[in-house]
Amino acid sequence: MFRHPRRHSPRLSLRLSLPIALAAPLLLAGCFEEQRDTSSSEVGARINVAMLQPPRSGLTPLSDDAFKLSRWSNAETLIRLDANSDPQPFLATEWEQLDSKTWRFVIRDGVVFHDGTALTAGDVVNSLKAATQATPKPRILDGVNMTIEADGHNAVIVRTEKDDPLIPNRLSSPQLAILAAKAYGDDGRVNPIEAGTGPFVLTEINGTTSAKLDRFDHYWGEPAAVAGIDADYVPDGTARAASLRTGVADVVEAIPVSQVALLDPERVHEVPMPRTNTLYLNTQTGPLADPALRAAIREAIDRPSIVNTVYEGRADIAEGLLGPALAWANGIRQPIENRTAPAEPNGAEITLATFTDRAELPEVAVLLEQQLTRAGFNVSQEVREYAHIEADALAGEFDAFILSRATVLDSGDPVAYMFSDFACAGSFNIAQLCDSAVDEALATASELPTGDARRQAIIDVEAAILRTDAAIPMLHERVIQGESARVANAERDPRERTLITEKTTLDIDSES
């Protein structure tokens with residue numbers, strides 16, 4: 001059972017109005033409004049954020065747009081995750097597992113929605129039911145049949161069809177945010193304006209151009225230190241970088257590597273992502289069905305060369321499938337024993353494939369071809385758009401396939417990724433792997449609750465997978481976040497769930 005201590009309000013910071021003049025490239029790109037009034041009659045000033053992508057579904061929380069609401073501290077969930085992906089109280093203050101399929105969550109008292117109505121168990125039931133009935137369902141509920149009912153005025157019961165120790169983690173997904181009843185229309189649409197519970201209230205949605213949020217003065221926790229957020233959607237990476245350089249934006253998502261040299265190094269922050277660039281090897285057909293030839297590829301790959309040449313040093317050399325975004329992994333990982341010894345390739349012909357949608361992957365393929373050729377393989381390449389190559393990759397048409405793969409999904413737990421990619425019954429098994437030791441390790445890990453025992457079991461799964469050489473992890477990617485000198489306490493979140501919080505401040509005495 002978990003309890004959350006009451007939080008206290010900090011002293012609010014002050015900032016003078018900041019007139020903004022837009023740079024020429026931004027005017028051409030049309031990414032920002034021509035003028036932005038950053039003044040406020042309230043204490044504090046407004047923070048300007050340049051977002052990577054526009055919303056795809058009108059900012060409904062039942063889509064990937066939910067992550068924008070979460071990054072703006074607008075919509076909140078019952079649970080949130082700590083750095084180790086363990087569940088912590090949020091709108092639920094405590095919970096308990098009644099049996100293997102039943103959970104009870106106690107709802108925080110004193111929470112007010114942005115429309116002024118009070119949070120009740122009925123609102124939680126309404127929001128979660130909307131998620132379970134949505135078409136398509138939020139991906140966190142893939143394969144999960146879940147029912148929710150109120151248990152008095154301040155608790156809910158969640159039941160699942162199958163045993164699921166990750167229910168608290170699932171309820172941390174931004175796609176399962178709790179909104180006021182008014183947000184849910186009879187036609188199934190969800191309108192998040194003035195419907196969340198966070199420190200910032202969404203007041204304007206300007207299509208795929210921008211959004212506006214104001215400080216919510218009746219927030220149940222610490223009030224926000226800035227008066228509001230002005231968010232612009234800026235898909236063009238050059239324009240995003242320019243917005244930081246010229247002072248148009250205070251915080252910028254995903255600055256391209258090519259633009260970093262044009263920025264003040266102190267304004268650039270690299271955040272490790274739970275995403276691994278991995279070489280999947282076909283374990284069932286072709287020459288790499290031979291474990292010794294897979295081992296030869298493992299030994300031939302020069303990871304530092306790839307990181308320094310393609311990523312300009314802005315990535316982390318992989319020591320396993322799980323990278324520094326999951327900080328706990330490296331602390332308990334041990335060297336893998338009983339690995340297969342490599343054999344001489346002797347000109348073995350292999351097809352190396354990848355896709356063009358991520359610009360760095362074809363460059364990685366060029367370097368890999370050179371490295372494997374030097375090792376004695378005869379390599380040919382196949383590079384297409386992802387939509388035109390996925391089916392062949394899943395069907396085992398290639399000997400080797402380069403993939404940038406997210407290693408944790410919305411639950412913050414990597415077991416789902418490992419099962420999908422490496423179990424005999426995995427739905428995304430590019431390596432065509434079916435190994436009893438891997439399946440047994442996965443079964444053990446999946447049954448454990450979150451905590452140290454599950455983390456150790458996950459590392460045991462990783463070792464079992466790597467021992468087969470079905471997947472050769474090469475590097476872990478980073479996302480580059482820009483912050484002006486005025487900003488303090490912007491979140492640098494590997495899971496990209498938080499960005500601007502109630503603690504984020506703007507310093508009037510600093511210059512960009």
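Visitor: How much space lies in the largest cavity?

Guide: About 80 Å³ lies in the largest cavity, and the structure holds four cavities of 30 Å³ or more. The model is predicted, so local features need pLDDT of at least 70 and side-chain atom pairs count only at pLDDT 80 or more, while totals for chains, interfaces and linings use all residues. Residues are numbered from 1 along each chain as its sequence is written, and side-chain values use heavy atoms, with hydrogens and water left out.

Visitor: What makes a set of points a cavity, and what makes it a pocket?

Guide: On a 1 Å grid over the protein atoms alone, a cavity is a set of points where a 1.4 Å probe fits but cannot get out, whereas a pocket is an open set with protein on both sides within 12 Å along at least five of seven lines. Lining residues have an atom within 4 Å of a point. Grid points are joined across faces, edges and corners, and the volume is the space filled by probe spheres set on the points.

Visitor: Which residues lie nearest the centre of the largest cavity?

Guide: Of the 14 lining residues, Asn84, Ser85, Asp413, Arg455 and Ile458 lie nearest the centre. Helix α14 (residues 452-468) gives the largest share of this lining, three residues; helices (H or I, at least four residues) and strands (E, at least two) are DSSP runs numbered from the N terminus. By class the lining has four nonpolar, six polar and four charged residues, where Ala, Val, Leu, Ile, Met, Phe, Trp, Tyr, Cys and Pro count as nonpolar, Asp, Glu, Lys and Arg as charged, and the others, Gly among them, as polar.

Visitor: What is the volume of the second largest pocket, and which residues are closest to its centre?

Guide: The volume of the second largest pocket is about 980 Å³. It is lined by 31 residues, and Asp142, Gly143, Val144, Arg170 and Ala416 are the closest to its centre. Helix α12 supplies the largest share of that lining, four residues, and the classes are ten nonpolar, nine polar and twelve charged.

Visitor: Why is Asp142 called exposed?

Guide: Exposed means over 50% relative accessible area, buried under 20%, and partly exposed in between (1.4 Å probe, protein chains only). Asp142 has 54% relative accessibility and therefore counts as exposed. Its place is in the loop between α3 (121-133) and β6 (146-150). Pro136 lies in that loop between α3 and β6 as well, and a cis peptide bond joins Thr135 and Pro136, with omega about -5 degrees.

Visitor: Is Ile402 buried or exposed, and how do you know?

Guide: Ile402, in strand β16 (residues 400-406), has 0% relative accessibility and so counts as buried.

Visitor: Why is the pair of Trp95 and Phe105 called stacked?

Guide: Rings of Phe, Tyr and Trp (its six-membered ring) pair if their centres lie within 6.5 Å; planes under 30 degrees apart count as stacked, over 60 as edge-to-face and the rest as tilted. The structure holds nine aromatic pairs. The centres of Trp95 and Phe105 are 6.3 Å apart and the planes stand at 25 degrees, so this pair is stacked. It links Trp95 in strand β4 (residues 92-99) to Phe105 in strand β5 (residues 102-107), ten residues apart. Both Trp95 and Phe105 are buried.

Visitor: What makes Phe398 and Phe401 a stacked pair?

Guide: Their centres are 6.1 Å apart and their planes at 20 degrees, so Phe398 and Phe401 are stacked. Phe398 counts as buried at 9% relative accessibility, as does Phe401 at 2%. Ring pairs link Phe355, Tyr386, Phe398 and Phe401 into a cluster.

Visitor: How do you know that Cys424 and Cys434 form a disulfide, and why is the disulfide called right-handed?

Guide: A disulfide is a pair of cysteine sulfur atoms within 2.5 Å. The sulfur atoms of Cys424 and Cys434 are 2.0 Å apart, and these residues form a disulfide. The torsion about their S-S bond is about 100 degrees, so the disulfide is right-handed. A search of the whole structure finds one disulfide. Cys424 is partly exposed, with a relative accessible area of 34%.
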